[in-house]
Amino acid sequence: MQKGKLIVFSAPSGAGKTTLVKHALEKLDNLSFSVSCTTRNKREGEIDGKDYYFISPEEFKKRIDDEEFVEWEEVYHNNYYGTLKSEIERITKDGHSVIFDMDVEGALNIKNIYGDQCLTVFVQPPSLEILRDRLITRNTESEDKLKQRLDKADIEMAAASRFDVLLMNDDLAAAKDEALAIITKFVR
Ligand code: 5GP
């Protein structure tokens with residue numbers, strides 16, 4: 001039986017979930033980030049082992065074969081993302097709760113596995129147009145990748161009702177406060 005609780009933040013790309021997760025990690029004790037593995041390229045400013053474990057597709061496949069993941073997805077074409085069992089064990093063994101930043105499928109998979117020990121939070125952008133503007137301003141993706149992300153956003157928005165909590169991110173300061181309140185209530 002795991003001791004800590006699991007909180008999964010999910011949202012279409014650009015909805016602001018990474019910002020909200022980072023804020024929660026700064027403000028709350030006994031909460032640690034589950035660092036995922038990914039095969040995508042590192043973005044400027046990202047740190048290996050902190051934001052992600054950046055690994056090759058070959059290593060990712062080996063880890064799948066060795067059953068090291070609690071869940072994994074090909075989130076975008078040829079870009080794999082997965083959560084290591086060892087991350088959850090590392091964090092919960094000290095009684096800490098785990099916070100995840102995951103796509104919708106991954107979040108719902110974790111919920112299926114962990115049930116009431118897990119809270120799924122869907123971060124909702126005010127609209128798809130605003131999401132598009134945010135992604136363009138962020139300027140981290142090529143045009144082709146941007147399109148993939150926007151196409152997937154459409155599908156992900158439709159899954160919002162399958163989450164435990166919806167968190168509207170139209171005002172960042174308010175969304176940050178709400179995220180803290182949601183987590184604090186669940187882990188207490
Ligand atoms: P990004 O490339 O923008 O960092 O992440 C792309 C998507 O992959 C985001 O929705 C992010 O939450 C998701 N993601 C990150 N880590 C994992 C993971 O371990 N499992 C799954 N299923 N999705 C993940």
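Is Thr-120 buried or exposed? Thr-120 is buried, with a relative accessible area of 0%. Buried means under 20% relative accessible area, exposed over 50%, and partly exposed in between, using a 1.4 Å probe and protein chains only.

The model is predicted: local features need pLDDT of at least 70, side-chain atom pairs count only at pLDDT 80 or more, and totals for chains, interfaces and linings use all residues. Residues are numbered from 1 along each chain as its sequence is written, and side-chain values use heavy atoms, with hydrogens and water left out.

1. **Thr-120 and its surroundings.** Thr-120 sits in strand E8. Helices (H or I, at least four residues) and strands (E, at least two) are DSSP runs, numbered from the N terminus. Set aside the neighbours within four places in sequence. Thr-120 is then in contact with Val-8, Ala-107, Lys-111, Phe-163, Asp-164 and Val-165. Contact means heavy atoms within 4.5 Å.

2. UniProt, in an unreviewed entry, places the feature "domain: Guanylate kinase-like" at residues 4–184. UniProt positions are given in the numbering used here, feature names are shortened, and annotations may be inferred rather than shown by experiment. The span is 43% helix and 25% strand. Its end C-alpha atoms lie 13 Å apart.

3. **Helix H4.** This helix covers residues 104–114. Its buried residues are Val-104, Gly-106, Ala-107, Leu-108, Ile-110 and Tyr-114. Their cover includes strand E1 (6–10), E5, helix H3 (85–92), strand E7 (97–102), E8 and H6. Gly-115 follows H4, and its phi is positive, near 55°.

4. **Helix H6.** The length of H6 (residues 143–157) fits expectation: at 1.5 Å a residue, its 15 residues should span 21 Å, and its end C-alpha atoms are 21 Å apart. The expected span is 1.5 Å times one less than the number of residues. Leu-146, Arg-149, Leu-150, Lys-152, Ala-153 and Glu-156 are buried in H6. What covers them includes strand E5 (69–76), strand E6 (79–84), H4, E8 and helix H5 (128–138). An α-helix has 3.6 residues a turn, so residues three or four places apart point the same way.

5. **The ligand site.** There are 17 residues around the ligand. Ser-36, Arg-40, Tyr-52, Tyr-81 and Asp-101 come nearest. A residue is near a molecule or strand if one of its heavy atoms lies within 4 Å of it.

6. A polar side-chain atom of Tyr-81 lies 2.5 Å from a ligand oxygen atom. For Tyr-52, an N or O atom of the side chain is 2.6 Å from an oxygen atom of the ligand. For Arg-43, the corresponding distance is 3.0 Å. The protein covers 95% of the 520 Å² of accessible area that the ligand has on its own. Accessible areas come from the Shrake-Rupley method with a 1.4 Å probe; for residues, only the protein chains shown count as cover.

7. **Tyr-52.** Tyr-52 is in strand E4 (residues 52–54). This residue is buried, at a relative accessible area of 16%.

8. **Ser-36.** Strand E3 (residues 36–38) holds Ser-36. At 9% relative accessibility, Ser-36 counts as buried. Beyond its neighbours within four places in sequence, its contacts are Tyr-52, Tyr-53, Gly-82 and Thr-83.

9. **Leu-180.** Helix H7 (residues 172–187) contains Leu-180. Leu-180 is buried, with a relative accessible area of 17%. Apart from neighbours within four places in sequence, Leu-180 is in contact with His-23, Ala-24, Lys-27 and Leu-28. Leu-180 and Leu-28 are 152 residues apart along the chain, yet their C-alpha atoms are separated by 7.8 Å.

10. **Two positive phi values.** Asn-30 is not a glycine, but its phi is positive, about 60°. Asn-30 lies in the loop between helix H1 (17–27) and strand E2 (31–33). Glu-67 is not a glycine either, and has a positive phi of about 55°. Its loop runs between helix H2 (57–65) and E5. Glu-67 counts as exposed, at 58% relative accessibility.

Conventions: A polar contact is a pair of N or O atoms within 3.5 Å; within protein, one must be able to donate a hydrogen and the other to accept it, and residues adjacent in sequence count only if both atoms are side-chain atoms.
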